[in-house]
Amino acid sequence: MELEQRRKSGINLPSGMSQTSLRLETQRTPTSKIAIETTPFRSNLCLSSPRSVSSPRSITSLSAATSSPTSKKSICSDRFIPCRSSSRLHTFGLIEKSPSSSSPNAKKEGGNHEAYTRLLKQELFGADFVASPCSAAGSPISSPNKNMLRFKMEYSSPNSAFSPSALGRDSGFSNEVSTPPKPPRRVPKTPHKVLDAPSLQDDFYLNLVDWSSQNLLAVGLGTCVYLWNASNSKVTKLCDLGPNDGVCAVQWTKEGSYVSVGTTSGQVQVWDGTQCKKVRTLSGHQTRAGVLTWSSRILASGSRDRNILQHDLRVSNDYVSKLVGHKSEVCGLKWSHDDRELASGGNDNQLLVWNQHSQQPVLKLTEHTAAVKAIAWSPHQSGLLASGGGTADRCIRFWNTTNGNQTNSIDTGSQVCNLAWSKNVNELVSTHGYSQNQIMVWKYPSLAKVATLTGHSLRVLYLAVSPDGQTIVTGAGDETLRFWNIFPSVKTPAPVKETGLWSLGRTYIR
């Protein structure tokens, strides 16, 4: 029955609403809310906006007049358009009230609340939000445009009393008060000892200084090798190669009892450091042997003949294997701390990594653009290798030898002559040549510069670290050896003290 009435009237009404609930009248006054003219062909629906609402986006509601003209009952439509601009501000009470709406007592009581609200809005929405004026009297303040559709978190100014550091945001919302950052470690800018080293050669491809685990410093000066005891400053002449030969490299064993000497003729001599006696002479190189390195059992030597020889003192042969891979003089050579890998650098700008099971390099790293003499394995991370390039490169590069990727690099601005890691802290020291002749200490992995030391007048070509890991010695063509205290001592853990019955007879495994 209702369906037939709807068809006759030509008006589509919502379900549940009868035609009698609508009052049909002509447009007599402009204030009528709904005026409907029915014609045989169409129905016109004229809407007039109700009284203004304080919201910036007012919603015109559709109301159907009842039979009583004085009835205040309103029927909302089926669409709802939310006003999102002020909903969150209403929730947190961040909308500023007009001064007229607040009583004097409320002003007095809410003084602290207003200050707190202002600071809270500044921290949540930024200073621009607090400074922006209201768009209209009594209208809510919309959030600033700079925070729209942005995932990046913008922290407030550090000058604010409610900055993230003060609120504990950086410390994971810790309830404890965050401790102030530790001041940078101070490194003395001057050497605490300087020794004269006459005839110390200014040759980038030689390695003439090494410090043993028994606190003896071996230095090659001309045709002689001298031992300097760091405990009592006693100097001992180890050997003299004669006028037809010269010292090109010195290297102690890990135990510090024997020292190997590379010569201009290509021979490698092994000497007993305590008795000053020659133990062995190893041949095999055609020209000078400028770099040596010991593992636990194997002595590796690099030469200008582009070859690397591995010597084993337990066998009678001069060498047990020959590694061929460089196209120019081998000037850098270092065993890893676990004796599994051997890194070699050459004047051909190549950095090669070898292992014990192959005669071919397992890695060929060719990113350097100059000779690679400076090589150092990290004692803190397995497979981390640092290398430095010459004058045309000036970069320190870090490698993961497990996958062959370069993990980091930094341009030092000068020729990199030597690299050495600290065994006490995760830092390394580099010595440089052209053009600044400086010594630099770096943090790893941030590569933040800890200190820059100067004093040598020529290239700092030689570097060695003391047994305790705190002092380094540097040598240069200015014929001086300088001792610097740059690394801290090893941090020993505090002993655990327990009292009571359960601590009796307890042992600790470290």
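Colleague: What pLDDT does the protein chain average?
Modeller: The protein chain averages a pLDDT of 78, and 64% of the residues score at least 70; pLDDT is the predictor's confidence in each residue, from 0 to 100. This is a predicted model, in which local features need pLDDT of at least 70 and side-chain atom pairs count only at pLDDT 80 or more, while totals for chains, interfaces and linings use all residues. Residues are numbered from 1 along each chain as its sequence is written, and side-chain values use heavy atoms, with hydrogens and water left out.

Colleague: Where is the pLDDT below 50?
Modeller: The pLDDT is below 50 over residues 133-177, a stretch with 44 contacts in the model beyond near neighbours in sequence; contact means heavy atoms within 4.5 Å. Where pLDDT is low, the predicted coordinates should not be read in detail.

Colleague: Changing topic, how many disulfides does a search of the whole structure find?
Modeller: The search finds 0 disulfides, a disulfide being a pair of cysteine sulfur atoms within 2.5 Å. For Cys224, the nearest cysteine sulfur belongs to Cys239 and is 7.2 Å away.

Colleague: And is Cys224 buried or exposed?
Modeller: Cys224 counts as buried, at 8% relative accessibility. Buried means under 20% relative accessible area, exposed over 50%, and partly exposed in between (1.4 Å probe, protein chains only).

Colleague: Where does Thr287 lie?
Modeller: Thr287 lies in the loop between strand S11 (277-282) and strand S12 (289-294); strands (E, at least two residues) are DSSP runs, numbered from the N terminus.

Colleague: What does Thr287 touch?
Modeller: Beyond four places in sequence, Thr287 touches residues including Thr264, Ser303 and Asp305.

Conventions:
Helix = DSSP H or I, 4+ residues; strand = E, 2+ residues; numbered from the N terminus.
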